[in-house]
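Please examine the sequence and the three-dimensional structure shown below before reading on.

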Amino acid sequence: MRKIPLVFTIFFFSSIKIVAQDTTNLMNQLETETAKNKIVYATATFKTTRIVDGQSVENLPQHVLDVRISHRFGPVSGGIYNFFGLDNATMRLGFDYGITNGIMVGIGHSTYQKTYDSFLKIRLLRQSSGARNMPVTVSFVTVIAANTLKLFDSVKTDFGARVSFVYQLLIARKFSENFALQVMPVFIHEDEISFAHNDQNVFSVGIGGRQKISKRVNLNAEYYYQLPATKAPGSYNVFSLGVDIGTGGHVFQLHFTNSIGLTEKSFISETTGQWAKSNIMFGFNISRVFQLK
Amino acid sequence: MMMKKNILLACITLFALSTVNAQLYFTKNGQVSFFSKTILENINADNEQVISVLNIQTGEIQFSLLNNAFHFPKAKMEEDFNEDYMESSKYPNSIFKGNVLNIANINFEKDGTSEVSVTGSLTIHGVVKIITIPGQIIVQGGKVSAVASFKISPKDYNIKIPSVVSNKISDSIDVTVKCLYQEK
């Protein structure tokens with residue numbers, strides 16, 4: 001007999017609870033449910049597909065064409081006579097295209113060593129939170145470049161000797177809205193004519209970062225450390241510091257670096273400039289994207 | 001024994017009654033679209049994951065959506081929308097909390113379309129504005145849905161459009177809301 005009031009009480013309170021579950025409660029409940037089931041991907045880890053010269057984990061969206069015009073001027077140490085390097089410019093004209101949201105390709109020609117290059121970038125993992133937790137974004141990049149400079153007539157080189165290969169893994173994490181870091185192990189198989197390498201196979205590890213300064217301005221830096229065992233004599237590690245300015249559609253990149261070369265093989269393993277000796281160069285890139293479909 | 005039965009009956013009745021009293025309708029896949037028309041470019045975007053609750057007893061109506069769930073025809077627009085204009089990482093949601101005026105006049109037992117007026121607070125980009133908009137509540141075959149369309153101006157919500165693209169984004173953006181509710 002004593003049990004009945006208890007049953008009644010339970011019923012009574014459970015009924016009350018239903019009545020009290022008003023609009024706002026139900027809204028909150030639905031919002032929490034939805035948030036739990038949603039995968040939130042980290043977007044815009046870097047402003048563009050490059051940090052300074054090197055690749056970032058950003059991919060072009062599907063069917064987007066990016067026309068990139070990169071300039072690299074001469075050493076600032078050239079003084080007023082060379083207008084602080086602006087008298088000597090090398091440039092690269094490049095076309096990048098997003099085949100899918102996770103796969104992009106690019107081709108380019110740069111005046112430095114009359115280099116033709118092409119690359120493929122594939123995103124393997126994507127940083128996410130919510131329903132799926134993934135701490136980093138990981139991409140794979142491969143670059144094939146050919147140095148087409150004419151050599152002395154007496155020297156015959158077959159095409160194979162002019163081609164270099166770069167294989168790169170990009171591992172990046174967006175730590176906050178403003179800050180991202182990327183680590184990139186690199187393996188390079190050098191061509192035989194561009195530089196006096198002791199070892200045709202060079203290993204390097206790069207580190208790059210991005211710090212947002214304002215909504216449209218980013219500060220970027222990248223450094224590639226060459227493993228001493230495979231590093232060529234006379235080659236220095238590249239360090240570049242850059243600023244991205246986005247204007248909606250266009251991105252302008254201004255930077256200082258110790259490398260003249262604009263393709264991976266050149267700037268990672270064949271940089272001759274040294275920051276310590278003010279062999280630093282000013283660079284200026286313009287990127288413009290077009291949606292093709 | 002008789003008493004036990006009575007109490008049980010009372011409980012069931014109370015329980016049933018209170019359930020009926022909770023006149024809540026909800027959806028997790030409502031639709032909100034917007035359309036910006038200028039001479040240079042027409043931009044439209046759809047969000048089909050809008051959460052909404054309608055209380056047909058009190059007239060309370062609420063909407064909540066994630067800004068980054070808007071889909072645009074061009075990927076770059078989606079990025080600009082979230083990164084530059086809405087600042088979705090800072091202000092992830094847009095929310096409306098309001099009341100359907102004169103909800104008591106609507107007969108939810110009978111099929112029909114009722115013109116209603118809704119007043120409440122719209123929060124976009126961290127800015128709260130009180131708005132009143134016309135809408136319709138449609139009852140058909142026991143299903144309740146709500147539709148509305150209205151205009152908003154990015155300026156009112158402190159959304160800055162850079163001058164380079166200002167002639168591609170309208171000052172007055174058409175917003176359309178469509179929700180088909182299910183009973184709670």
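## Overview of the chains

The structure is a predicted model. Chain A is divided into domain 1, residues 1–37, and domain 2, residues 43–291. The C-alpha centres of domain 1 of chain A and domain 2 of chain A are separated by 59 Å.

Chain B contains two helices and nine strands, and along its sequence these follow the pattern α-β-β-β-α-β-β-β-β-β-β. Of its 184 residues, 45% count as buried. The accessible surface of chain B is about 10,000 Å², and carbon and sulfur atoms contribute 56% of this area. Among the contacts in chain B with a separation of 6 or more, 60% join residues 24 or more positions apart.

## Helix 2 of chain A

Helix 2 of chain A comprises 15 residues, 23–37, and spans 21 Å from its first C-alpha to its last, close to the 21 Å expected at 1.5 Å a residue. Within helix 2 of chain A, the residues T23(A), L26(A), M27(A) and L30(A) are buried. They lie on the same side of the helix, because they cover an arc of only 105° around the axis. The cover over the buried residues of helix 2 of chain A includes strand 1 (24–37), strand 2 (42–55) and strand 3 (60–66) of chain B.

V166(A) belongs to strand 8 of chain A, residues 163–174. Is V166(A) buried or exposed? V166(A) counts as buried because its relative accessibility is 1%, and the cut-off for buried is under 20%.

Leaving aside neighbours within four places in sequence, the contacts of V166(A) include V141(A), V186(A), I188(A) and E264(A). V166(A) and I144(A) are 22 residues apart in sequence, and their C-alpha atoms are 6.5 Å apart in space.

## Salt bridges

Side chains of opposite charge can pair when their charged atoms come close. Over all chains, the structure holds 14 salt bridges. One of them joins the side chains of D96(A) and R50(A), at 2.4 Å from N to O. D96(A) is in strand 3 of chain A and R50(A) is in the loop between strand 1 and strand 2 of chain A, so the pair ties together parts that are 46 residues apart in sequence. Both D96(A) and R50(A) are buried.

A further salt bridge links K215(A) with E87(B), whose closest N and O atoms are 4.0 Å apart. K215(A) lies in a loop of chain A and E87(B) in a loop of chain B, so this pair joins two chains. K215(A) is partly exposed, at 31% relative accessible area, whereas E87(B) is buried, at 16%.

How values were computed. Residues are numbered from 1 along each chain as its sequence is written. Chains are lettered from A and ligands numbered from 1 in the order in which they are written. This is a predicted model: local features need pLDDT of at least 70, side-chain atom pairs count only at pLDDT 80 or more; totals for chains, interfaces and linings use all residues. Side-chain values use heavy atoms; hydrogens and water are left out. Helices (H or I, at least four residues) and strands (E, at least two) are DSSP runs, numbered from the N terminus. The expected span of a helix is 1.5 Å times one less than its number of residues. Buried means under 20% relative accessible area, exposed over 50%, partly exposed in between (1.4 Å probe, protein chains only). The arc is that of the directions from the helix axis to the C-beta atoms. Contact means heavy atoms within 4.5 Å. Accessible areas come from the Shrake-Rupley method with a 1.4 Å probe; for residues, only the protein chains shown count as cover. Domain bounds come from an automatic or database domain assignment.
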